[in-house]
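Here is a short report on one protein chain. Look at the sequence and the model before reading on.

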Amino acid sequence: DHNKLALPVGTTLDRFIMRKQEDFPYATGELSQLLRDIALAAKIVNREINRSGLIDIAGAYGNRNVQGEDQQKLDVIANIRFIRALRNGGEVCTIISEEDDDIIQTGNNQGKYVVAIDPLDGSSNIDVNVSIGTIFSIYRRISPTGREGGSADCLQPGTHQVAAGYVIYGSSTMLVYTTGNGVNGFTYEPSLGEFFLSHPNIQTPKTGTVYSINEGSSDSFSPGVVAFVQQCKTEKFSARYIGSLVADFHRNLLKGGIYIYPATAKTPGGKLRLMYECNPLAFIVEQAGGKSSNGQQRTLEIEPQTCHERCPLFIGSKELVEQAEALLAQEK
Ligand code: AHM
Ligand code: MG
């Protein structure tokens with residue numbers, strides 16, 4: 001019962017995390033600390049993003065940090081910041097990051113958690129001032145503590161997630177997350193350096209009139225996807241596609257709609273990554289009353305084979321995802 005402690009709009013994220021922890025009498029507070037570590041890194045990354053247009057200028061007048069990180073691309077910077085925060089926090093043994101081919105060992109072998117993260121998604125949008133995001137997923141490790149996490153700890157299905165969330169760096173910066181008791185959204189107040197509860201207990205509309213898909217690839221869509229897109233047009237839906245997964249997802253979560261990244265000729269297995277793009281958003285959408293699938297199977301039940309594997313994604317309002325699945329089922 002996630003309304004045991006209904007906290008008012010305006011509650012700070014730290015206080016919210018603390019109070020929610022009291023709902024679980026035996027919780028050790030490590031997950032809470034981990035969420036706070038992520039929020040802190042998000043603030044740092046937010047600051048970097050807001051001055052991204054100034055990086056070259058800052059370099060020109062010599063204001064460089066010792067690691068030379070100011071010269072790196074923002075997605076690399078974001079990766080460094082999040083990994084550093086997770087390493088320093090101590091709760092995480094192993095990390096999967098979109099920016100690293102290999103799994104990352106933090107050295108915290110007592111850490112009970114594994115994190116999968118896309119530190120800065122939609123990075124092609126940075127240079128043109130369009131919203132971007134961070135997506136993360138948290139699992140409890142399976143192997144005993146005292147040694148490094150292994151592939152069994154990393155390759156867990158999405159149903160095992162203990163928490164997941166995203167940060168959207170948009171017209172305002174927000175952090176939205178779930179620990180499996182509903183979804184809550186927090187808006188960042190930059191002058192105070194705090195996230196405040198702004199969207200308590202988010203429920204996504206059962207249906208919607210927005211569809212989000214890159215129709216540039218429609219020549220290679222499967223017949224079911226073609227039929228669904230045609231249905232959206234017949235029903236006079238609005239097409240909305242930012243090309244930044246977090247931003248497209250966030251809009252549809254609040255307003256209703258469906259986001260699709262299907263198999264295409266260029267990306268026959270889909271483009272988006274199961275572990276740190278699809279699963280965290282699938283957990284959130286389900287907690288908000290929506291649905292996510294690869295067209296045939298519930299996203300959260302896919303058994304991952306590799307850390308960076310891709311899958312098709314149909315995510316959003318329950319009715320729309322079900323309609324798309326029904327049309328895909330008719331393909332055979
Ligand atoms: P990235 O991880 O390389 O940034 O790619 C992921 C992005 C998503 O944010 C977005 O939804 C999708 O790629 C857009 O792809 P496309 O340009 O093929 O439509
Ligand atoms: Mg990405």
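Strand 6 and strand 7 (residues 183-189) pair in the antiparallel sense, over 5 bridges. This is a predicted model. One bridge links Tyr177 to Asn184 in strand 7. The two strands form a hairpin, with 4 residues between them. Gly180 sits in that turn and has a positive phi of about 95°.

On its other pairing, strand 6 meets strand 5 (residues 163-169). This pairing is antiparallel too and runs over 6 bridges. Here Tyr169 has Thr173 of strand 6 as its bridge partner. A hairpin of 3 residues joins strand 5 to strand 6. In general, strands of a sheet pair through backbone hydrogen bonds.

How many residues of strand 6 (residues 173-178) are buried? The count is 6 of 6. Both faces are covered. Thr173, Leu175 and Tyr177 lie on one side, and Met174, Val176 and Thr178 lie on the other.

Ser212 has Tyr259 of strand 11 as its bridge partner.

## Two helices side by side

Helix 2 (residues 30-50) packs against helix 4 (residues 74-89). Their axes are 9 Å apart, at an angle of about 155°. The two helices are therefore roughly antiparallel, because an angle over 145 degrees counts as such. The crossing is right-handed.

Which residues make the contact? Helix 2 contributes several, including Leu34, Ile38, Ala41 and Val45. Those from helix 4 include Ile77, Ala78, Phe82 and Ala85. The contact residues divide into 13 nonpolar, 2 polar and 3 charged.

## Two asparagines with positive phi

Most residues other than glycine have a negative phi. Asn129 has a phi near 65°, a positive value. Asn129 is found in the loop between strand 3 (113-121) and strand 4 (132-140). Is Asn129 buried or exposed? Asn129 is exposed, with 10 other C-beta atoms within 10 Å.

Asn201 also has a positive phi, of about 45°. Asn201 lies in the loop between strand 8 (194-199) and strand 9 (210-212). Asn201 has 16 C-beta neighbours inside 10 Å, so it counts as partly exposed.

Definitions and conventions:
Residues are numbered from 1 along each chain as its sequence is written. Chains are lettered from A and ligands numbered from 1 in the order in which they are written. This is a predicted model: local features need pLDDT of at least 70, side-chain atom pairs count only at pLDDT 80 or more; totals for chains, interfaces and linings use all residues. Axes are lines fitted to C-alpha atoms, for helices over the stretch in contact, and angles run from 0 to 180 degrees between N-to-C directions. Angles under 35 degrees count as roughly parallel, over 145 as roughly antiparallel, 65 to 115 as roughly perpendicular and the rest as oblique. A crossing is left-handed if the near helix is turned anticlockwise from the far one by less than a right angle, and right-handed if clockwise. Two residues are in contact if their C-beta atoms, placed from the backbone, lie within 7 Å. Ala, Val, Leu, Ile, Met, Phe, Trp, Tyr, Cys and Pro count as nonpolar, Asp, Glu, Lys and Arg as charged, and the others, Gly among them, as polar. A residue is buried if 20 or more other C-beta atoms lie within 10 Å of its own, exposed if 12 or fewer, and partly exposed in between; C-beta atoms are placed from the backbone. Two strands pair if DSSP finds at least two bridges between them.
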